[in-house]
Amino acid sequence: DHLSDADLVILDASAHLPDAGRDPAAEFAAGHIPGARYLDLAKFTDPDSPVPAALPNPKQFAQKMGALGVPQGARVVVYDDSYVKTAARAWFILRQNGVKEVAILDGGLGKWRAEGRPLESGDAAVEAVPYSAGPGKGVVRFKADMVANLASKAEQVVDARGAKRFTGEESDFRPNVADGHIPGSKNVVFDQVMNADGTYKSPEEIRAAFTAQGVDLAQPVVTTCGGGVT
């Protein structure tokens, strides 16, 4: 209903695990929501950080938004076509950098396509604009914080990876990554909050997924996974 709204920006935040064998840029060019712009989420990081896949800093964020022609104060909708629901990471990054109106398209491109909605091919035509990042919501923890938390237990740690990777029964697909999980953490697999069609479950069902694994949602929670997405 709002595709033609002047203040609405749609960003394709698709990215995939290395073993998926998919090219999100090529898939975007083949078909995307009309007017959408390709975020290239896999490269939307801080390459100067020693941390793999670190979140972009405010300057890097502003440069990306400006290059994509995102007007200051725009309403933004992010979507993906990924098994691991990468739009959630884009949502977090935008929120953290002061974008006040940002939403995830429930069900992503899969649901959009299944409903027979229009698609557009080719690259998005954008004109760069000035952009400034601002303070926003979303707190990031660092390794030192997590190590300190092992003793203080001030925050619950929730790991969103699959159960076998959490227990160490299945090794990580990347080399030199230790098996198992952060001591004391709990395992709420990301797909436990999703329906089969890729939409999010109801708030009540999402709460139930956490409480079933012993997470007290009235107390502080830190989330973690394997690559900073789920």
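In which helix does Asn-149 lie? Asn-149 belongs to helix H5, where helices (H or I, at least four residues) and strands (E, at least two) are DSSP runs, numbered from the N terminus. The structure is a predicted model, in which local features need pLDDT of at least 70 and side-chain atom pairs count only at pLDDT 80 or more, while totals for chains, interfaces and linings use all residues. Residues are numbered from 1 along each chain as its sequence is written, and side-chain values use heavy atoms, with hydrogens and water left out.

Asn-149 counts as buried because its relative accessibility is 8%; buried means under 20% relative accessible area, exposed over 50%, and partly exposed in between (1.4 Å probe, protein chains only). The side chain of Asn-149 reaches the backbone oxygen of Glu-155 at 2.8 Å. This is a polar contact, that is, a pair of N or O atoms within 3.5 Å; within protein, one must be able to donate a hydrogen and the other to accept it, and residues adjacent in sequence count only if both atoms are side-chain atoms. Leaving aside residues up to four places away in sequence, Asn-149 touches Ala-154, Glu-155 and Val-157, contact meaning heavy atoms within 4.5 Å.

The view can now widen to the whole protein. Its secondary structure comprises seven helices and seven strands, and from the N terminus on the elements follow the order β-α-β-α-β-α-β-α-α-β-α-β-α-β. A compact globule of 230 residues would have a radius of gyration near 17 Å, and the 18 Å of the protein agrees with this; the radius is taken over C-alpha atoms, and the globule rule is 2.2 Å times the number of residues to the power 0.38. The C-alpha trace spans about 50 × 35 × 35 Å along its principal axes. Of the 230 residues, 35% count as buried. Among contacts between residues at least 6 apart in sequence, 75% join residues at least 24 apart.

Within H2 (residues 58-67), the buried residues are Gln-60, Phe-61, Ala-62, Met-65 and Gly-66, and their cover includes strand E1 (8-12) and helix H3 (87-96). At the start of H2, a side-chain oxygen of Asn-57 comes to within 3.1 Å of the backbone nitrogen of Lys-59. Just after the helix, Gly-69 adopts a positive phi of about 75°.

Aromatic rings come next. The whole structure holds four aromatic pairs; rings of Phe, Tyr and Trp (its six-membered ring) pair if their centres lie within 6.5 Å, and planes under 30 degrees apart count as stacked, over 60 as edge-to-face and the rest as tilted. Phe-28 and Tyr-38 make a tilted pair, 5.5 Å centre to centre with 35° between the planes. This pair links Phe-28 in helix H1 (residues 24-30) with Tyr-38 in strand E2 (residues 37-38), 10 residues apart, and both are buried. Phe-61 and Tyr-131 form an edge-to-face pair, at 6.0 Å centre to centre and 70° between the planes. Phe-61 lies in helix H2 and Tyr-131 in the loop between helix H4 (108-114) and helix H5 (143-152), so this pair ties together parts 70 residues apart in sequence. Phe-61 counts as buried at 0% relative accessibility, and Tyr-131 counts as buried at 14%. Ring pairs also join Phe-44, Phe-61 and Tyr-131 into a cluster.
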